[in-house]
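The entries below are in the order in which I made them.

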Amino acid sequence: HIQPPEVRASIMAGLILLGTLLYKDVDLINMVSFAGLVILSVSPLFLFDVGFQLSFASVFAILLLYPQFKNLLPAQSRGLNRKLWKWVITPALISLSVEIVLFPILGYYFNLVPLVCVVANVFIIPLASISVVLACFTLFSAIFCTGLASIFSASSWLCLDLTLKLNQFFANLPVAKITIAAPSTFSFISYYALVGLVVWGI
C-alpha cells in the first residue's frame with residue numbers, strides 16, 4: 001500500500017527532474033501543491049490521513065516558515081561561520097518551523113507535543129544526511145570496487161546506528177514530550193491564524 005509521503009516525494013522528484021531537463025525554474029510550493037492535488041484527485045480520503053497531513057504540513061513549514069526565521073537573523077551572522085550555519089543553525093531553524101506547524105496535528109492525533117525535537121535534530125539531521133551521502137557512494141563505488149563499497153556501507157551503517165541511538169536517547173528524556181488534550185476546530189483555526197500573523201507580520 002503506497003503512502004502519501006512516498007507519492008509526494010516521487011511526484012516532486014519527477015517534476016524537479018523534468019524542470020531541470022527543460023531548463024525551467026522550479027517553484028517548490030507549486031510542486032508540493034500539485035503533488036497534493038494529484039494524490040487527492042486519485043483518493044480524496046487521503047485528506048483525512050494522518051500521514052498525508054504530517055507530510056505536507058512539514059514540507060510547507062520548511063518552505064514557508066524557515067525562510068522567515070532565516071531572515072530574522074542578521075545577515076552578518078551567515079558569514080561568520082558557514083559550517084556552524086550549515087550544520088547547527090539551519091537544522092535548528094528547520095526543526096523549529098516544522099514543530100510549530102505540526103503542534104496542533106500531533107496534539108489532535110497523539111495527544112502529545114515533543115519538546116526536544118529542535119535540539120535533537122541539530123545532531124540527527126547532519127548524521128542522517130551524511131548517511132544518505134555515504135549510501136550513494138556505496139552504490140556508485142560498488143560498480144568498480146566492492147572493497148571501497150564495503151567501507152562506505154559500513155560508514156553509512158555506523159551513522160544510521162548512531163542516529164537511532166541518539167533518537168532513542170532524546171525520546172527517553174523526562175522532558176521529551178508533554179501530554180495535551182486534543183485541540184478543537186476553533187483552536188486549530190485560531191492557532192494557525194496567529195502563527196501566520198506573527199510570522200508574516202514580523
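I took buried to mean under 20% relative accessible area, exposed to mean over 50%, and partly exposed to mean in between, with a 1.4 Å probe and protein chains only. By that rule, 31% of the 202 residues of the protein count as buried.

Entry 1, ground rules. I note that this is a predicted model, in which local features need pLDDT of at least 70 and side-chain atom pairs count only at pLDDT 80 or more, while totals for chains, interfaces and linings use all residues. Residues are numbered from 1 along each chain as its sequence is written, and side-chain values use heavy atoms, with hydrogens and water left out.

I took helices (H or I, at least four residues) and strands (E, at least two) as DSSP runs, numbered from the N terminus. I found eight helices and two strands in the protein. Read from the N terminus, the order is α-α-α-α-α-β-α-α-β-α. For contacts I used heavy atoms within 4.5 Å. Of the contacts in the protein with a separation of 6 or more, 70% join residues 24 or more positions apart.

H6 covers residues 117-141, which is 25 residues. I took the expected span of a helix as 1.5 Å times one less than its number of residues. From first C-alpha to last, H6 reaches 34 Å, close to the 36 Å expected. For bends I used the angle between axes fitted to the seven residues ending at a residue and the seven starting there. H6 has a kink of about 30° at Phe123, shortly before the proline Pro126. I listed the buried residues of H6, among them Ala120, Val122, Ile124, Leu127 and Leu134. Pro126 is also on that list. The buried residues of H6 pack against H5 and helix H7 (146-171).

H5 runs over residues 82-110. I found a kink of about 50° at Leu102 in H5, shortly before the proline Pro104. For packing, I took axes as lines fitted to C-alpha atoms, for helices over the stretch in contact, with angles from 0 to 180 degrees between N-to-C directions. The axes of H5 and H6 come within 8 Å and cross at roughly 120°. That makes H5 oblique to H6, because angles under 35 degrees count as roughly parallel, over 145 as roughly antiparallel, 65 to 115 as roughly perpendicular and the rest as oblique. The crossing of H5 and H6 is right-handed; I called a crossing left-handed if the near helix is turned anticlockwise from the far one by less than a right angle, and right-handed if clockwise. On the H5 side, the residues that meet H6 include Trp87, Val88, Pro91 and Glu99. On the H6 side, those that meet H5 include Cys117, Val122, Pro126 and Ile130.

H3 covers residues 50-72, and its axis comes within 8 Å of that of H5, with a crossing at roughly 140°. H3 and H5 are therefore oblique to each other, and their crossing is right-handed. I then checked H3 against helix H8 (residues 185-201), where the angle is about 40° and the axes are 10 Å apart. H3 and H8 are therefore also oblique to each other, but H3 passes H8 in a left-handed crossing. Leu64, Leu65 and Gln68 in H3 meet Val195, Val199 and Trp200 in H8.

Which backbone angle of Asn111 is positive? The phi of Asn111 is, at about 55°, although Asn111 is not a glycine. Most residues other than glycine have a negative phi. Asn111 sits in the loop between H5 and strand S1 (112-114). At 31% relative accessibility, Asn111 is partly exposed.

Leaving aside neighbours within four places in sequence, Ser156 is in contact with Ser131, Leu134 and Ala135. Ala154, also in H7, is partly exposed at 45%. Ala154 lies 9.0 Å from Leu134, C-alpha to C-alpha, and 20 residues from Leu134 in sequence. Thr185 is in H8 and is exposed, at 59% relative accessibility. Thr185 and Tyr108 are 77 residues apart in sequence and 9.8 Å apart in space, C-alpha to C-alpha.
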